[in-house]
Amino acid sequence: MALRHAVLAALLDGEYSGYQLAKAFDIGVANFWHALPQQLYAELTKLEKEGLVAGRQVVQESRPNKRLFRVTDAGRAELEEFAAAVSKPSFIRDDLLVKVQVADRIGTAAVIGQLEERASAAEAKIELLGSLLRQLRGDTAEEEFLRRGERIGPYLTCLRGLAFEQEHLDWCRRIAAVLKERQSTRAER
């Protein structure tokens with residue numbers, strides 16, 4: 001997947017400025033695709049040149065003018081083609097796993113600290129994603145929303161993000177506990 005597809009997908013919900021797109025990314029897309037605001041602005045420029053998004057200038061009196069972007073028919077066609085293409089299997093690429101792999105050879109204290117930091121970050125993300133899920137479905141029960149809710153895609157990707165963060169939290173806690181236990185067992189010898 002390229003950043004272009006994530007940007008096009010985010011713009012399907014409406015017309016956004018670059019700033020609004022960055023905020024939408026932080027809330028809805030960040031659990032499966034990370035991009036810095038400057039990357040988003042650069043991608044919007046490319047997409048506009050290719051005719052996949054259309055931008056328009058909005059004149060503002062008390063603030064600088066802004067540009068709003070929307071997906072064009074060509075952009076929708078690009079997304080349809082992307083959605084029809086076979087996806088490659090996902091894989092884990094995480095420097096913390098390399099550190100855990102070598103922890104018994106180089107010492108565990110720093111790795112334990114990083115596992116605990118990651119666990120705290122996962123807890124915060126779980127809270128954020130839970131809040132977003134509640135916001136997306138409103139007063140509707142989850143199973144009812146899954147059957148009949150409008151705009152189900154963001155909800156489903158948020159569920160995946162939540163499951164990922166919960167598993168990551170559990171793994172970090174378990175591995176930190178294992179390393180601490182091994183550390184204390186070695187200290188007793």
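A salt bridge here is a side-chain nitrogen of Lys or Arg within 4 Å of a carboxyl oxygen of Asp or Glu. The whole structure holds 13 of them. This is a predicted model, where local features need pLDDT of at least 70, side-chain atom pairs count only at pLDDT 80 or more, and totals for chains, interfaces and linings use all residues. Residues are numbered from 1 along each chain as its sequence is written, and side-chain values use heavy atoms, with hydrogens and water left out.

**Stop one: salt bridges**

Select E48 and R67. Their side chains meet in a salt bridge (2.3 Å, N to O). E48 sits in helix α3 and R67 in strand β2, 19 residues apart. (Helices, H or I of at least four residues, and strands, E of at least two, are DSSP runs numbered from the N terminus.)

Next, pick E123 and R173, another bridged pair (2.3 Å, N to O). E123 is in helix α6 and R173 in helix α8 (residues 152–188), so the pair ties together parts 50 residues apart in sequence.

Then show R4, E50 and E78, which are linked in a network of salt bridges.

**Stop two: the cores**

A nonpolar core is a set of buried Ala, Val, Leu, Ile, Met, Phe, Trp, Tyr and Cys residues joined through side-chain atoms within 4.5 Å. Buried means under 20% relative accessible area (1.4 Å probe, protein chains only).

Select V7, L8, L11, L21, F25 and L40. Of the 20 residues in the largest nonpolar core, these touch the most other members. Helix α1 gives the largest share, six residues.

Finish at a second, separate core of 14 residues, including L96, V100, I126 and C172.

Note on methods:
Buried means under 20% relative accessible area, exposed over 50%, partly exposed in between (1.4 Å probe, protein chains only).
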